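This briefing covers one model, grouped by topic. Please read the notes alongside the structure.

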Amino acid sequence: MENWKDSILNEHQRLAPDSKFKFSCHKGIDCFGECCGDVNIFLTPYDVLRMKRALNLPSKEFLEKYTLPLILQDQQLPVSLLKMGDDENKKCPFVTPDGCMIYDDRPWACRMYPLGMASSKTETGGEEFCFIADTIALCNGFKEDREWTVEEWLTDQNVAIYNKKSEAYMQLTLHKCFQDGKGIGPSKVQMFYEACYNLDQFREHLFNSNFFDLFDIKDNTIEKIRTDDEELLDFAINWDDEELLDFAINWLRFALFGENTIKVKDEAWEKKKGDLGLKI
Ligand code: SF4
Ligand code: SF4
């Protein structure tokens with residue numbers, strides 16, 4: 001029987017970077033805004049970071065208002081879905097008569113359209129390619145004359161920065177526990193959501209615990225933040241969301257899979273061994 005990865009590859013026609021297609025979407029086109037509703041848009045952590053920042057909302061508030069947490073059945077992977085409205089057309093909360101109100105920070109999937117991405121990637125290999133979305137009958141953008149290559153479209157839509165900022169997260173989702181469909185178990189799912197999506201809460205947990213006594217984060221920062229409350233506060237506030245997200249993914253690899261992505265301080269490790277009566 002065909003597995004889910006094979007079916008992803010077999011369902012779609014592969015496009016190369018220089019493959020051409022015709023498409024244009026603009027105000028005034030008959031269907032303007034119609035595709036921004038009743039659609040499943042999975043959000044990457046970087047999507048959430050950009051959107052909550054654009055809306056100037058704390059991540060908790062953004063997540064509660066605009067997203068649905070789900071577990072993908074095949075992979076047991078925790079994901080975040082953009083919540084559509086409960087009106088008849090199930091409109092995206094960000095669509096307006098003038099277009100997307102967070103256009104500069106719209107999610108990866110919205111940037112890609114009318115292209116989609118099929119992937120059979122694993123941690124060690126696999127394939128990934130773009131394809132044309134199967135919405136040609138509904139989208140008048142395909143009737144326009146503007147011609148693009150796949151590469152030109154991705155550049156025009158600023159997709160590269162989204163791909164780059166999501167690399168570590170995507171790699172995490174390729175871990176064999178998700179690929180085998182075993183998942184991480186309910187107790188760790190909450191940790192996954194917080195570190196990937198609820199960055200403000202993750203930051204708060206780090207700074208309101210003894211985390212920095214246990215882990216070797218940066219050579220001199222740890223001393224500064226331990227001895228000076230103001231520095232601690234500044235550091236917590238100024239720790240850039242994007243830097244924090246990279247750290248969060250490393251933390252998850254350590255906490256979920258026991259990988260060596262975060263260093264435990266020697267003295268904390270010695271104490272732990274002593275507490276457990278270990279002689280290693
Ligand atoms: S359906 Fe196509 S052309 Fe119409 S608004 Fe959506 S993307 Fe643009
Ligand atoms: S985020 Fe913007 S582009 Fe994406 S579905 Fe909503 S309104 Fe449309």
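**Sheet, ligand shells and burial**

Leu72 has Leu77 of S4 as its bridge partner. Helix H3, residues 59-66, packs on the sheet and touches S3 and S4. The model is predicted, and the chain's secondary structure amounts to 14 helices and 11 strands.

**The sheet around S4**

- Three strands make up an open sheet, in the order S2-S4-S3, and their pairing is antiparallel.
- The edges are held by S2 (42-43) and S3 (67-72); each has a single partner strand, so one side of each lacks a neighbour in the sheet.
- In general, strands of a sheet pair through backbone hydrogen bonds, in either a parallel or an antiparallel arrangement.
- Between S3 and S4 (residues 77-82), the antiparallel pairing runs over 6 bridges.
- The hairpin of S3 and S4 has 4 residues between the strands, and Gln76 there takes a positive phi near 55 degrees.
- The direction of H3 makes about 80 degrees with that of S3.

**Ligand 1**

- Which residues surround ligand 1? They are Phe23, Cys25, Ile29, Cys31, Phe32, Gly33, Cys35, Tyr113, Cys139 and Gly141.
- This shell divides into 8 nonpolar residues, 2 polar residues and no charged residues.

**Ligand 2**

- The surroundings of ligand 2 consist of Cys36, Ile41, Cys92, Phe94, Val95, Cys100, Pro107 and Cys110.
- The shell around ligand 2 has 8 nonpolar residues, with no polar and no charged ones.

**Cysteines**

- How many disulfides does a search of the whole structure find? The search returns 0.
- Cys177 is at 12% relative accessibility and therefore counts as buried.

**Chain as a whole**

- The chain has 280 residues, of which 41% are buried.
- Among contacts in the chain with a separation of 6 or more, 71% come from residues 24 or more positions apart.

Terms used
Residues are numbered from 1 along each chain as its sequence is written. Chains are lettered from A and ligands numbered from 1 in the order in which they are written. This is a predicted model: local features need pLDDT of at least 70, side-chain atom pairs count only at pLDDT 80 or more; totals for chains, interfaces and linings use all residues. Side-chain values use heavy atoms; hydrogens and water are left out. A residue is near a molecule or strand if one of its heavy atoms lies within 4 Å of it. Ala, Val, Leu, Ile, Met, Phe, Trp, Tyr, Cys and Pro count as nonpolar, Asp, Glu, Lys and Arg as charged, and the others, Gly among them, as polar. A disulfide is a pair of cysteine sulfur atoms within 2.5 Å. Buried means under 20% relative accessible area, exposed over 50%, partly exposed in between (1.4 Å probe, protein chains only). Two strands pair if DSSP finds at least two bridges between them. Helices (H or I, at least four residues) and strands (E, at least two) are DSSP runs, numbered from the N terminus. Contact means heavy atoms within 4.5 Å. Axes are lines fitted to C-alpha atoms, for helices over the stretch in contact, and angles run from 0 to 180 degrees between N-to-C directions.
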